[in-house]
Amino acid sequence: MDTVKSVFCAIVPPHMLDVLAQSEDPRHHEPARRTLEHDSTLRTRRRVTTLQGTAAPTGTPSDKPQRTIYDEHHETTLPGTKVHGEGDRPSKDATVNRANAALGATFDFYLKVYGRHSIDGAGMPLNASVHYGEKYDNAFWDGSQMVFGDGDGELFGDFTVSVDVIGHELTHGVTQHTANLEYYGQPGALNESLSDVFGSLIKQYSLGQTADQADWLIGQGLLGPTIHGVALRSMKAPGTAYDDPHLGKDPQPAAMDDFVRTSRDNGGVHINSGIPNHAFYLLATALGGHAWERAGQIWYSTLTGGELAADAGFADFARLTAATARSLYGEGDAVQAVLKAWHQVGVPTS
C-alpha cells in the first residue's frame, strides 16, 4: 500500500499569530503564543510520520456521510469524547451542530458536484473534534480528522462558524489523497490555494450563489468584533482582508510581481496562495454563473487527473489547467478565460 505524506494544515497562518504573540497585551499574546507553540509541535510531529493509505472498502461507497463529532473539553488528546454520531438528534451544543452540518455540506458538495465519495473518494468517515485546547486560535486537518478551537473570544471566535473554513481543511484531505502536493514553497501555496478555492465553492454551493454574488472571503465571521478586517483572506482582492493594529496587514500578493520569498510558514504557503487564488477568482467571474461548474470542474479535474506532480509550481499548474479546459470544453471561452486569468496574475501557461 502506498504511503501518503501527511501534513499539519491549519487555517490561521503563523504570520498572523506571530504578530499577536509580540503584543504587550497578555489577552492577545498569551493565546497566540500558546497556539503557535502547540501548532509547531503538531507540525513537527506530522513531518516525521506518514499516514498509511487505507484499502478502499468493498462494494459501492454510500451516498450518505458517516460523521462523528467528539468533544475535547479543552484538552488536546485526540479524538476526545464522542458526543454525536450519524443520524443522532441535534446536540444542545451549537458548536457540535455547526461542525456536523459543515462536514455534511462538504460531503454533499463533493458527491453531487464532482461525484466524489468523501475525502478519499472511497467513502472515508468524517470525524471532527471540537472545543480543542484552551482559547486555541485555530482549526486544522491532521491527516485523518478535523479539529476546532473555540478561539480566544476577542480576536478570534469559534472556528466552526465558517463553512468555508471547514471545507478548506477537509480539502487538504482531498489533495492528500490525490496529487499529494508538497507542503512547501509554490507546491505548498498551491495546496493552500486549492483548499481556499474549494472551501469558497462549498460555501457558494450551500448558499446557491453565482460567482458575482459570492464574497470570495475565507473565514468571514471568524475575526472578533474589534478587529479591523473582514476575513482571513480575500480571493477577490488578496492583501485587503484585514489591516489591524493587533493583527497587522494582510500580506497576500495578488500577482507574481509581489511574490513573497520567506523561510517562515513553510516558504510562505499561506501568503503566496493569494496568487493562484486570484487567478481562480478572475476565471470564475469571467465565465460567470455558478463557479463550481466550469471553473471549479477545471480545477478539480486538474487536481485529481493524475498529471499534477507533488512538486508542481504555479506555472505547472497553470499549464495543466489550460490543457484540462481544452480537454473538457474544447477551444473556446473557457480556455481563453483560463489563459487570461493566469496572464493577469503573471503566471506563464506555456
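The protein carries 27 positive and 42 negative side chains, and the centres of these two sets are 2 Å apart. In this count Lys and Arg are positive and Asp and Glu negative, with His and the chain ends not counted; each charge is placed at NZ of Lys, CZ of Arg, CG of Asp or CD of Glu. The model is predicted, so that local features need pLDDT of at least 70 and side-chain atom pairs count only at pLDDT 80 or more, whereas totals for chains, interfaces and linings use all residues. Residues are numbered from 1 along each chain as its sequence is written, and side-chain values use heavy atoms, with hydrogens and water left out.

The protein contains ten helices and twelve strands, defined as DSSP runs (H or I, at least four residues, for helices; E, at least two, for strands) and numbered from the N terminus. Its radius of gyration is 19 Å, close to the 20 Å given by the globule rule for 350 residues, so the protein is as compact as a globular protein of that length. The radius is taken over C-alpha atoms, and the rule is 2.2 Å times the number of residues to the power 0.38. Along the principal axes, the C-alpha trace spans about 55 × 50 × 40 Å. Of the 350 residues, 56% count as buried, where buried means under 20% relative accessible area, exposed over 50% and partly exposed in between (1.4 Å probe, protein chains only).

Helix α5 comprises 23 residues (185-207), which at 1.5 Å a residue should span 33 Å; the end C-alpha atoms are 33 Å apart, in agreement. The expected span is 1.5 Å times one less than the number of residues. Of the 23 residues of α5, 19 are buried. The helix is followed by Gly 208, whose phi is positive, near 65 degrees.

Leu 170 lies in helix α4 (residues 163-176) and counts as buried because its relative accessibility is 1%. Beyond its neighbours within four places in sequence, Leu 170 is in contact (heavy atoms within 4.5 Å) with Leu 103, Thr 106, Ile 119, Leu 126, Trp 141 and Met 146. Thr 106 is 64 residues from Leu 170 in sequence, yet their C-alpha atoms are 7.7 Å apart.

Glu 86 is found in the loop between β5 (81-85) and α3 (94-114). At 32% relative accessibility, Glu 86 counts as partly exposed. Its contacts, leaving aside neighbours within four places in sequence, are with Pro 65, Gln 66 and Arg 67. Glu 86 and Val 12, 74 residues apart in sequence, are 29 Å apart in space, C-alpha to C-alpha.
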